[in-house]
Amino acid sequence: MTESSALLTDRYELTMLDAALLKGTHDRESVFEAFTRRLPAGRRYGVLAGTGRLLDLIERFRFGDTELEYLRDNDVVRQETLDWLADFRFSGTIRGYREGEVFFPGSPFLIVDAPFAEGVLLETLILSVFNYDSAVASAAARMVTAAAGRPLAEMGSRRANERSAVAAARAAYIAGFDATSNLEAGRTWGVPTMGTAAHAFTLLHDNEEDAFRAQVAAMGPGTTLLVDTFDVERAIETAVRVAGPELGAIRLDSGDLPKLVRQVRDQLDRLGATRTRITVTNDLDEFTIAALSSSPVDSYGVGTSVVTGSGAPASGMVYKLVAHRDGDGAWVPVAKESDGKASIGGRKHPVRRLDASGRAVAEVVHIVEAGDVPDDTGRDLFVPLVTDGEVHREHLGPEGTTRAREHRASAMRELPDEAFRLGRGDPVLPTIFG
């Protein structure tokens, strides 16, 4: 592995470049766009995540000696193309939705203006980042709604690829989760981290009381004790006796949660631990979280469901060439006409149409000439991300992640109430082309 992101791509991106260089069409000015054809079945909106990660990867999209040697040894492209790649730096312009924005089918969330060769090289990277990160963020946002203000922690690292685990933690945080168990997400993206002990720590000791005493000695009485290794009722009695009524929290990771949580709350109150919180972490998703809404749960930890998009691990996003200059320099709109996969040609500019109260009512996508911005009273959805090859740095790092989280909260407040129902339904906003 190297620091370069250039080989995080599909071979056919490079073979298209190879053929275009041979033909002499590689430097035609082009417009690419990314959009989703449809939301996962029954979902009413999506949450866009991945922009900050993508821009960092674009800055590192370089073909160094190691990458070029691999391509040469495996006869991927001609020597002339290797020479071109050796000097590659993305020089185009990218505009798109702010990270954290909600999205709907058909509306382009990213526009790439660049020579064909440069725009096509980014296709796989753009789709791999946005398809996964947005799937996690979209599922996480539904969990945040179901939690109704109670804190959520992302703890799915062991259920995902090691790189995906970091991306998932970041995406869930943007969507409204409060913390992650993943330390790299904390270091790289500034996501708050949390975690105390697993069942192995209890089983290490001669008995449960010894384990609790060791944890309290190390972390203080405000720690969270895991109480379902053996008998929950006995463990809670021991936990309160060891930590005192100042015990911070107990964690439940198994059992019939609605019933068990009420029993645990009653027992804690009887023992005087009235301020001890209850957190649950047993294979939760948005539906089980909603089912616990009337239970005295204080916080949730979610693993598998959040890192797998709660049944929708990709966002159905595609990346299409929609316009390019012809041999005479005139702009030509182009579109795919395949059955079920047709696209709409031409440069586009999306706005969010709002009513007098500031509530979103429609996604309006204008087809425009190069550089023209439509006269529309809706909220402009595009911001500059890359200009002439230079990344806008406000989108990067922990600060960019925080901005994305804040924007997600703002964008969600515009949606009508029916957007937040967990039952199956159509996209809450229509996408209108005009």
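Arg-352 stands opposite Arg-379 in β16. Keep in mind that this is a predicted model, where local features need pLDDT of at least 70 and side-chain atom pairs count only at pLDDT 80 or more, while totals for chains, interfaces and linings use all residues. Residues are numbered from 1 along each chain as its sequence is written, and side-chain values use heavy atoms, with hydrogens and water left out. Strands here are DSSP runs of E with at least two residues, and helices are runs of H or I with at least four, numbered from the N terminus.

**The open sheet**

- Four strands make an open sheet in the order β16-β14-β15-β19, and the pairing is mixed.
- At the edges sit β16 (379-380) and β19 (431-433), each pairing on one side only.
- Two strands count as paired if DSSP finds at least two bridges between them.
- Strand β14 (residues 348-354) runs antiparallel to β16, and two bridges join them.
- On to the other end: β15 and β19 are parallel partners with three bridges, and Glu-363 stands opposite Thr-431 in β19.
- As a bit of background, strands of a sheet pair through backbone hydrogen bonds, either parallel or antiparallel.

**The β14-β15 hairpin**

- Seven bridges link β14 and β15 in the antiparallel sense, with Leu-354 having Ala-360 in β15 as its bridge partner.
- These two strands form a hairpin with five residues between them, and Gly-358 in the turn has a positive phi of about 85°.
- Strand β15 (residues 360-367) is mostly covered, as six of its eight residues are buried (under 20% relative accessible area; exposed is over 50% and partly exposed is in between, using a 1.4 Å probe and protein chains only).

**Strand β1 and its two partners**

- Seven of the eight residues in strand β1 (residues 29-36) are buried, so this strand is mostly covered too.
- β1 pairs antiparallel with strand β5 (residues 110-115) over six bridges, and Val-31 has Asp-113 in β5 as its bridge partner.
- β1 also runs antiparallel to strand β12 (residues 317-325), joined by seven bridges, and here Glu-33 is partnered by Lys-320 in β12.

- Glu-69 belongs to helix α3 (residues 65-73).
- Glu-69 is partly exposed, with a relative accessible area of 45%.
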